Amino acid sequence: MKRVRTYNSIATIGLEQFPREGYEVASEIPLPDAIILRSQNLFNEEFPESVRCIARAGAGTNNVPVARCSEQCIVVFNTPGANANAVKELVVAGMLLSRRGIVQGIDYVSGLSEVTDKTALNTQVEASKKAFKGSELKGRTLGVLGLGAIGSLVADIALQLDMKVLGFDPALSVESAWRLSSRVQKMDSIEALFARSDLVTLHVPALPETEKMVNATLLAAMKPGSVLLNFARGEIVDTAAIKASLTNGQLGQYISDFPVPELVNLPGVLATPHLGASTDEAEDNCAIMAADQLMDFLTNGNIKNSVNF
């Protein structure tokens, strides 16, 4: 009997992948063979010698002490691509919000609750709507930093929206390259990507080498009034540089899925509460992939989508 300890609320469809006759799955197992989790921070956890593998139902593993796991010969899995469509759709929403006065218009209309006469309401709305006029995405240039599972999907849908798409990824795999449309123009450097784009969307992992990679120098290279979208990880941007660039007008808007105190309510910032993978479908996909990878390793010794082995 193999034992799997769960953290967080793992989608039921994923947990049902483990056959009952061969697996015990629960949150209170003292000596597990495997761990499956979503957002639980494991850096302060001590792993029993029984633990052979850990699977995170998501793409990022910055809540798992990967280096220590490697030292203890614990295989760490993630689920790249399982939540890609969910993030892609949110990025599209972010792009639309950045070009049209949607949020501002909704806030305005919400403040008209005391206007009870329909004719008066319509008159006021029609007179005020010019304040929320925006521009279209068609014909704009989108820069995609990171062309993996999510970035390639974002590039594809941007092309369908008749946008010009530029891409840069220094670690582009052959598999990712096959997914890309030939209409995505490859940039030679991150600086060129930022300089030529009207909007830039970030899709790189949180690693020591990507921490604060979006800094004051890169932001200064952007077109005045450009939009930066961050649905990857908060750590990859320099928050102080973002604030300064918004304040001086170089950066027009910062759309992020990772709120930080320094930027909350700052003009030009739209932040969502880490909604990227928060869909029923994404949670199901991630849980199924994580469970399948754990079972394949525990039963057959196979390693797929490991970040350390």
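Predicted model: local features only at pLDDT ≥ 70, side-chain atom pairs only at ≥ 80, totals over all residues.
Residues are numbered from 1 along each chain as its sequence is written, and side-chain values use heavy atoms, without hydrogens or water. Local features need pLDDT of at least 70 and side-chain atom pairs count only at pLDDT 80 or more, while totals for chains, interfaces and linings use all residues.

T239 lies in helix α10, residues 239-247 (helices are DSSP runs of H or I with at least four residues, and strands are runs of E with at least two, numbered from the N terminus). T239 is buried, at 18% relative accessibility (buried, under 20% relative accessible area; exposed, over 50%; partly exposed, in between; 1.4 Å probe, protein chains only). Apart from neighbours within four places in sequence, T239 is in contact with V260, E262 and L263 (heavy atoms within 4.5 Å).

Rings of Phe, Tyr and Trp (its six-membered ring) pair if their centres lie within 6.5 Å, with planes under 30 degrees apart counted as stacked, over 60 as edge-to-face and the rest as tilted. By this rule there are 3 aromatic pairs. One of them, Y108 with F132, is tilted, at 5.4 Å centre to centre and 45° between the planes. This pair links distant parts of the chain, 24 residues apart: Y108 is in helix α4 (residues 102-110), and F132 is in the loop between α5 (118-128) and β6 (141-145). Y108 is partly exposed at 22% relative accessible area, and F132 is partly exposed at 24% relative accessibility.

By class, the lining of the second largest pocket has 1 nonpolar, 6 polar and 4 charged residues (nonpolar: Ala, Val, Leu, Ile, Met, Phe, Trp, Tyr, Cys and Pro; charged: Asp, Glu, Lys and Arg; polar: the others, Gly among them). Lining residues, which have an atom within 4 Å of a point of the pocket (an open set on a 1 Å grid over the protein atoms alone, where a 1.4 Å probe fits, with protein on both sides within 12 Å along at least five of seven lines), include R38, R56, R233, E235 and F258.
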